[in-house]
Amino acid sequence: MDTILTGDRPTGKLHLGHYVGSLKRRVELQNSGKYQTYIMIADAQALTDNADDINKVRNNISEVALDYLACGLDPQKSTIFIQSQIPELCELTFYYMNLVTVARLQRNPTVKNEIQLRKFNQSIPTGFFTYPISQAADITAFKANIVPVGEDQLPMIEQAREIVRSFNNLYKEVLIEPKAVLPENSICSRLPGLDGAAKMSKSLGNCIFLSDSSADIKKKVQSMFTDPTHLRVEDPGHTENNPVFIYLDAFCKNEHFAAFLPAYQNLDELKAHYQRGGLGDGTVKKFLNEVLQNELKPIREKRELLSNDLPYIFDMLKQGSEQARETAAKTLDEVKTAMGINYFKGNSLITK
Ligand code: TRP
């Protein structure tokens with residue numbers, strides 16, 4: 001059976017970008033029943049650049065778990081667990097470190113970019129610098145062959161593949177080479193922010209969160225950046241690079257027109273009118289608001305319900321982590337045996 005592993009750093013609540021970029025797909029994959037699915041809350045990875053803010057990471061563990069379940073991840077079908085509770089992952093990381101050069105990590109485009117974003121300059125925490133290796137441990141511990149991620153994670157998966165190849169060559173064929181699975185279309189790979197910035201990101205403050213109230217969503221949609229050249233209703237407008245239309249591309253279905261904007265049959269008609277001129281941003285935003293409210297309402301309601309039963313979330317994470325640990329321990333055992341360092345298994349240590 002194919003095995004999926006993926007996860008998120010618990011540094012904040014999950015937003016619409018996470019939802020279209022990965023959560024929706026994960027739920028579909030989970031529900032297909034074709035995969036063994038592991039979903040990891042990557043708290044240890046989050047700590048690599050938040051060592052001074054443990055509470056942020058800790059507080060967001062249950063928030064992310066709530067977001068997961070609200071979107072339809074189901075602990076009966078997927079193993080949902082917390083990274084730091086699987087010490088086997090650290091052991092694997094330590095051995096994999098010997099298979100990766102510092103130069104190779106320095107070339108990793110994701111790490112390079114994140115170092116710049118975080119303005120680490122010369123003060124990069126070692127744990128942060130080496131997190132691609134720990135991510136390889138996350139994936140290989142579960143022998144995951146499929147890793148659904150966003151585009152920015154491709155260098156991480158490539159790094160994991162290299163580690164697998166060198167481990168298997170040097171020692172024994174134990175590890176499985178993972179494959180990244182990207183969202184099906186480019187809109188979903190990277191949803192822009194409300195302000196038109198390339199990415200929806202908590203630190204940029206341009207997100208709609210899955211937990212946002214109906215009033216918040218409305219306010220945020222109203223504040224959205226549109227086409228700066230579309231000043232008056234009569235002006236012809238641009239739909240490309242216009243976040244309002246990009247969100248519609250990601251979310252709207254023909255049924256939404258029948259329900260909320262019956263003057264048009266589909267998005268192409270709406271776009272054509274905007275491009276021609278004579279369609280105001282207000283009308284389009286009002287429609288987008290309806291579409292998003294419709295999509296997010298069931299998620300928010302489920303989230304609210306679950307947040308009244310935090311002991312359930314606690315037990316679910318505890319059980320998931322226990323289950324995950326069993327699998328990771330099996331892999332670690334195979335790894336140590338392949339490396340010949342399972343010294344107390346048999347007596348090879350003292351037989352010459
Ligand atoms: N790096 C991922 C992120 O920032 C989180 C993550 C940690 C992950 N380990 C993983 C994703 C293993 C996929 C597989 O969101």
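Buried means under 20% relative accessible area, exposed means over 50%, and partly exposed is in between, with a 1.4 Å probe and protein chains only. Keep those cut-offs in mind, please.

Now the ground rules. This is a predicted model, where local features need pLDDT of at least 70, side-chain atom pairs count only at pLDDT 80 or more, and totals for chains, interfaces and linings use all residues. Residues are numbered from 1 along each chain as its sequence is written, and side-chain values use heavy atoms, with hydrogens and water left out.

One more term before we start. Helices (H or I, at least four residues) and strands (E, at least two) are DSSP runs, numbered from the N terminus.

Let's begin with the strands. Look at β1, residues 2-8, and β2, residues 35-41. These two pair in the parallel sense, over seven bridges. To count as paired, two strands need at least two bridges found by DSSP. Pick out a couple of partners. Thr-3 has Gln-36 in β2 as its bridge partner. Asp-8 stands opposite Ile-41, also in β2.

How does the chain get from β1 to β2? It passes through helix α1, residues 16-31, and this β-α-β crossover is right-handed. Here is the test for that word: point the strands away from you, and the path from the first strand over the helix to the second runs clockwise.

Next, β3, residues 78-82. β2 pairs with β3 too, in the parallel sense, over five bridges. Thr-37 has Ser-78 as its bridge partner in β3. Ile-41 stands opposite Ile-82.

In β2, six of seven are buried. In β3, five of five are buried. Both faces of β3 are covered. Ser-78, Ile-80 and Ile-82 are on one side, Thr-79 and Phe-81 on the other.

Now the ligand. Which residues come nearest to it? Of the 13 residues around the ligand, they are Arg-9, Gln-45, Gln-135, Asp-138 and Gln-153. Near here means that a heavy atom of the residue lies within 4 Å.

A polar side-chain atom of Gln-45 sits 2.7 Å from a ligand nitrogen. For Asp-138, a side-chain N or O atom is 2.8 Å from a nitrogen of the ligand. For Gln-153, that kind of distance is 3.1 Å. Taken alone, the ligand exposes 370 Å², and the protein buries 90% of that. Those areas come from the Shrake-Rupley method with a 1.4 Å probe; for residues, only the protein chains shown count as cover.

On to helix α9, residues 154-170. Its 17 residues, at 1.5 Å a residue, should span 24 Å, and the end C-alpha atoms are 24 Å apart, which agrees. The expected span is 1.5 Å times one less than the number of residues. Several of its residues are buried, including Met-156, Ile-163 and Phe-167.

Two lysines next. Most residues other than glycine have a negative phi. Lys-119 has a positive phi, near 50°. It is found in the loop between α6 (109-117) and α7 (126-129). Lys-143 also has a positive phi, of about 50°. Its loop runs between α8 (131-141) and β4 (146-148). Lys-143 is partly exposed, at 25%.

Val-291 lies in α15, residues 281-307. Its relative accessibility is 0%, so it counts as buried. Val-291 and Lys-253 are 38 residues apart in sequence, and 8.6 Å apart in space, C-alpha to C-alpha. Met-316 lies in α16, residues 310-339. It is buried, with a relative accessible area of 8%. Met-316 and Ala-46 are 270 residues apart in sequence, and 21 Å apart in space, C-alpha to C-alpha.

Methods. Polar contact = N/O pair within 3.5 Å; in protein donor to acceptor, adjacent residues only side chain to side chain.
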